[in-house]
Amino acid sequence: PVKDFLNMRSRGSDNQVNATLYDSSGNILLSIEWKGESNVDMRNYPSGMYIFRAKTSQGVIVKKIVKNN
């Protein structure tokens, strides 16, 4: 579960990551790009289920994220 920040790290500092955070209805809340490490401030999002989708040159990863207050 996530409370304040969702911390992310790519497998290789040169690996470009394109990520999208969706709410449980499929609405896009955030789209970001990064290399290496990044984090998403989740403090302003309500508790609930979110979908995190990350795309790299190696493929796509989709994870369910649970936000707790």
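Predicted model: local features only at pLDDT ≥ 70, side-chain atom pairs only at ≥ 80, totals over all residues.
Me: Which elements does the protein chain contain, and how do they run from the N terminus?

Reply: The protein chain holds six strands and zero helices. Their order from the N terminus is β-β-β-β-β-β. The radius of gyration is 12 Å, close to the 11 Å of the globule rule for 69 residues, so the chain is as compact as a globular protein of that length. Along the principal axes, the C-alpha atoms fill a box of roughly 35 × 20 × 15 Å.

Me: Which residues touch the most other members of the largest nonpolar core?

Reply: In soluble globular proteins, nonpolar side chains tend to be buried together. Here the largest nonpolar core has 14 residues, and Leu6, Met42 and Phe52 touch the most other members. Strand 1 (5-9), strand 2 (16-22) and strand 5 (48-56) each give two or more residues to this core. Across the protein chain, 29% of the 69 residues count as buried.

Me: Which residues does Phe52 touch, beyond those up to four places away in sequence?

Reply: With those neighbours left out, the contacts of Phe52 include Leu6, Met8, Trp34 and Ile65.

Me: How many positive and negative side chains are there, and how far apart are the centres of the two sets?

Reply: The protein chain carries 10 positive and 6 negative side chains, with the two centres 7 Å apart.

Key
Residues numbered from 1 in each chain as written. Heavy atoms only, no water. Helix = DSSP H or I, 4+ residues; strand = E, 2+ residues; numbered from the N terminus. Rg over C-alpha atoms; globule rule 2.2 N^0.38 Å. Buried < 20%, exposed > 50% of the residue type's maximum accessible area, 1.4 Å probe, protein only. Lys, Arg positive; Asp, Glu negative; His and termini not counted. Charge placed at Lys NZ, Arg CZ, Asp CG, Glu CD. Core = buried A, V, L, I, M, F, W, Y, C linked by side-chain atoms within 4.5 Å. Contact = heavy atoms within 4.5 Å.
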